[in-house]
Amino acid sequence: MKAIITGATKGIGRAIAIKLWQNGYDLLLTARNIKDLEELRNELLVDDKTISIYAVDCSIKTEIKTFLDSAGQEFGFADVLVNNVGTFLPGSLLDEDDETFEKQQDLNVNACYYISKFFAKRMRLEQKGHIFNICSVASKAPVKNGGSYSVTKAAMLSLNHVLRQELAPHNVKVTAFLPGSTKTSSWEGTTIPDDKFVQPEDIAETLFTILNLSKGVNVDEVLMTPLDF
């Protein structure tokens, strides 16, 4: 079994990578920082499974295209695709620079579109596979001081729905995760206790459970929020 995970070296992506690795998956991991990718690979690589790493800035279309060309040749078909790469740039939509929206559009929507389209065509051909899109509670309702983020995450959820609709007749599953406040590096330095957050490992455990459900069921959306934030 093979899995591709974007934004794989931190937070949710890292937790998913570790969980799938521990359960026998070969991995293809992307992130911007090659050193972080090498450290994660060295941490995990203790047996004969495969970990391929690609340093990719997913806000740049040409870098994504170069990555897809190489990954397609090296990795071939992937059983699982996790679109985790994204960014949150806080601010008011009316007062922010245009570039704030454009950066989040590139990472939160466009990267998911290009990467999903590439690997989904292979899944459609093979009549199997599962795509997971790490969206946000902001996909459903705007979050305070997160104007453009909320817009782009709503668009990502819409993309998820279209992918699910088009791929379901081909036995390919598509699932959106909508986590609330999750203890990732974006909360570094906070004094809020860990037990007030969703943990990245919670998402990884849930994703793996979904992967092991029966063939005929699709989990459309998973909403995970802190119990009492």
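How far is the sulfur of Cys58 from the closest cysteine sulfur, and which residue holds that closest sulfur? The distance is 10 Å, and the partner in question is Cys112. That is too far for a bond. Before I go on, please keep in mind that this is a predicted model.

Let me stay with the cysteines for a moment. A disulfide is a covalent bond between the sulfur atoms of two cysteines. For Cys112, the closest cysteine sulfur belongs to Cys135, at 7.0 Å, and again this is too far for a bond. The cut-off used here is 2.5 Å between the sulfur atoms. The disulfide count under that rule is zero.

Now the strands. Strand β1 covers residues 2-5 and runs parallel to β2, with four bridges joining them. In that pairing, Ala3 sits opposite Leu27 of β2. To get from β1 to β2 the chain passes through helix α1, residues 11-22, and this β-α-β crossover is right-handed. On to β3, residues 51-55: five bridges join this strand to β2, and the two run parallel. Here Leu27 stands opposite Ile51 in β3. So how much of β2 is covered? Of the six residues in β2, numbered 26-31, five are buried.

Next, the charged pairs. Side chains of opposite charge can pair when their charged atoms come close. Over the whole structure, the search gives four salt bridges. I will go through some of them.

One is between Glu43 and Arg14, at 2.6 Å from N to O. Glu43 is in helix α2, residues 34-44, while Arg14 is in helix α1, so this pair links parts of the chain 29 residues apart. Glu43 is partly exposed, at a relative accessible area of 46%. Arg14 is also in the partly exposed class, at 25%.

Another joins Glu205 and Lys19, at 3.1 Å from N to O. Which of the two partners is buried? Lys19 is, with a relative accessible area of 16%. Glu205 is partly exposed, at 42%.

There is also a salt bridge between the side chains of Glu221 and Lys140, at 3.1 Å from N to O. Glu221 is in strand β7, residues 221-224, and Lys140 is in the loop between β5 and α5; they are 81 residues apart. Lys140 counts as exposed because its relative accessibility is 54%. Glu221, at 31%, counts as partly exposed.

Last, the surface. Which residues make the nonpolar patch? They are Leu93, Leu94, Phe101 and Val151, and the patch has an area of about 390 Å². Leu93 is in the loop that runs between β4, residues 80-83, and α4, residues 98-126. Its relative accessible area is 45%, so Leu93 is classed as partly exposed.

To recap: no disulfides are counted, four salt bridges are found, and β2 is joined to β1 and to β3.

Notes:
Residues are numbered from 1 along each chain as its sequence is written. This is a predicted model: local features need pLDDT of at least 70, side-chain atom pairs count only at pLDDT 80 or more; totals for chains, interfaces and linings use all residues. Side-chain values use heavy atoms; hydrogens and water are left out. Patches are made of residues with over 30% relative accessible area and no salt bridge: like charges are joined within 9 Å, nonpolar side chains (Val, Leu, Ile, Met, Phe, Trp, Tyr) within 5 Å. Accessible areas come from the Shrake-Rupley method with a 1.4 Å probe; for residues, only the protein chains shown count as cover. Buried means under 20% relative accessible area, exposed over 50%, partly exposed in between (1.4 Å probe, protein chains only). Two strands pair if DSSP finds at least two bridges between them. A crossover is right-handed if, with the strands pointing away from the viewer, the path from the first strand over the helix to the second runs clockwise.
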